[in-house]
Amino acid sequence: VKRSPATRLDPRHLADGYALASWTRAIRQSVLRDILPLASEPGTLSFALGMPAPELFPREALGAAAAAVLADPEALQYAVPAERLKEHVVALMAARGVQCRASEVFLTTGAQQGMDLLARLFVEDRGTVLVEEATYDGLLMAVKPMRPRVLTVPTDARSGLDVDAVESLLCRGDRPAFLYVMSDGHNPLGVSLAADKRARLVDVAARHGLAVVEDDAYGLLHYEGGAARPLRALGPDVLYLGSFSKILAPALRVGWIVAPEPLLPRLSAIKQASDLDTATFSHRVAAAYLDAAALPAHLERLRVEYRARRDALLQAIAAHFPEEARVTRPRSGFFAWVELPERIDTRLLLPLAVRGHRVAYVPGHAFAARDSRRLASCLRLSFSSVARQEIDVGISRLGAVLKEALRP
Ligand SMILES: Cc1ncc(COP(=O)(O)O)c(C=O)c1O
């Protein structure tokens, strides 16, 4: 990249001496990326990143699927998205209680790309989006190029997003391009949206013409009986994001959008601009894996193991955290959310936790859609990639940090 002759440019348009598009001047890496080197120091028990447990990847079965796909000399050629995988997605959606057709399934390079595509399809430059006060930072990154006004609604730690707050916002005349919501296994809050709120939200959205983007990346990882049906089961206009990252392997980079059929050619045109229809090899490997009908047993294994880790985490928190700490009890997904007294700033505590006690977490502010004092005293714990026998040790270390910080 050539450095622009700085003398000819207004210095306000320069970043590090380069003349960049204006929206990129204020961007920075996700806070989670900053934490990665800290969290991966040897000896540190990390509850920071929401990674699937590597020992649970179905490596052998995926290897066999990849070998079968590679037997076709065209396997590595440019190709159109795999129809077979779309059929499997339709079956998975049915398992979530959603009726849809293969013609409504759009394959993406992970759910993250789904967010990027929907943001580009729906959000005007300097438009408006609606999210929860604490939300997945990947969505916030996806809407950044549009420099939107970000409106927020609160989320109850037990029942999920505040539907009344959504409705009052719409009644006062706000017209967001969409509402982004995680109905199960919320990242970072760990909460699942209560069944009555799901029905009300779909109803409010339909009455006000509000587009809803539902991110169900963790929906198939539920730990307490059958999970509630996603919003898309209640409203065919809901734009649904799914992913194989948490149930198979994130390195495959395969996710999907379920959207009304007329939107698919537009999504396809936007996607082609960024990566053509790449990842068809991954599509075919995933389809071959699913053809072998191994997923139901694999999902059950994941649920058993992640449920055990969740329970170990909650038990350890009850044993070691100061009594002022409030924690969510996740029914799905990888995360628990801890609220601490306001005088605690979890961002300031993190270096002490990592360097002094060898334990890592993500401070609440990393998920703040807008500046939020409330989230500064919270933290997210991921239980997915810490071995069961290490959870108690890690949480007792963190408990010691928190007790010390709260000491008068
Ligand atoms: C809520 C949520 N949505 C989407 C993603 C990204 O999924 P993918 O790997 O399919 O892009 C993540 C990953 O952590 C996530 O937590």
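K246 puts a polar side-chain atom 2.9 Å from an oxygen atom of the ligand, a polar contact (a pair of N or O atoms within 3.5 Å). On its own the ligand exposes 400 Å², and the protein buries 91% of that (Shrake-Rupley areas, 1.4 Å probe). Keep in mind that this is a predicted model, where local features need pLDDT of at least 70, side-chain atom pairs count only at pLDDT 80 or more, and totals for chains, interfaces and linings use all residues. Numbering runs from 1 along each chain as its sequence is written, and side-chain values use heavy atoms, with hydrogens and water left out.

**Around the ligand**
- The shell holds 14 residues, with A111, D215, Y218, S243 and S245 the closest; to count, a residue needs a heavy atom within 4 Å.
- Y218 has a polar side-chain atom 2.7 Å from a ligand oxygen atom.
- A111 uses its backbone instead: a polar atom there is 2.7 Å from an oxygen atom of the ligand.
- Helix α4 (residues 110–122) gives the most to this shell, with four residues; helices here are DSSP runs (H or I) of at least four residues.

- The N187 to P188 peptide bond is cis, with omega near 20 degrees.
- P188 itself is in the loop between β9 (179–181) and α7 (195–208); strands are E runs of at least two residues.
- R126 isn't a glycine, yet has a positive phi of about 55 degrees, and is found in the loop between α4 and β5 (128–132).
- R126 is also exposed, at 56% relative accessibility (exposed means over 50%, 1.4 Å probe, protein chains only).
- A293, another non-glycine, has a positive phi of about 60 degrees and is exposed at 57% relative accessible area.

Key
Polar contact = N/O pair within 3.5 Å; in protein donor to acceptor, adjacent residues only side chain to side chain. Buried < 20%, exposed > 50% of the residue type's maximum accessible area, 1.4 Å probe, protein only.
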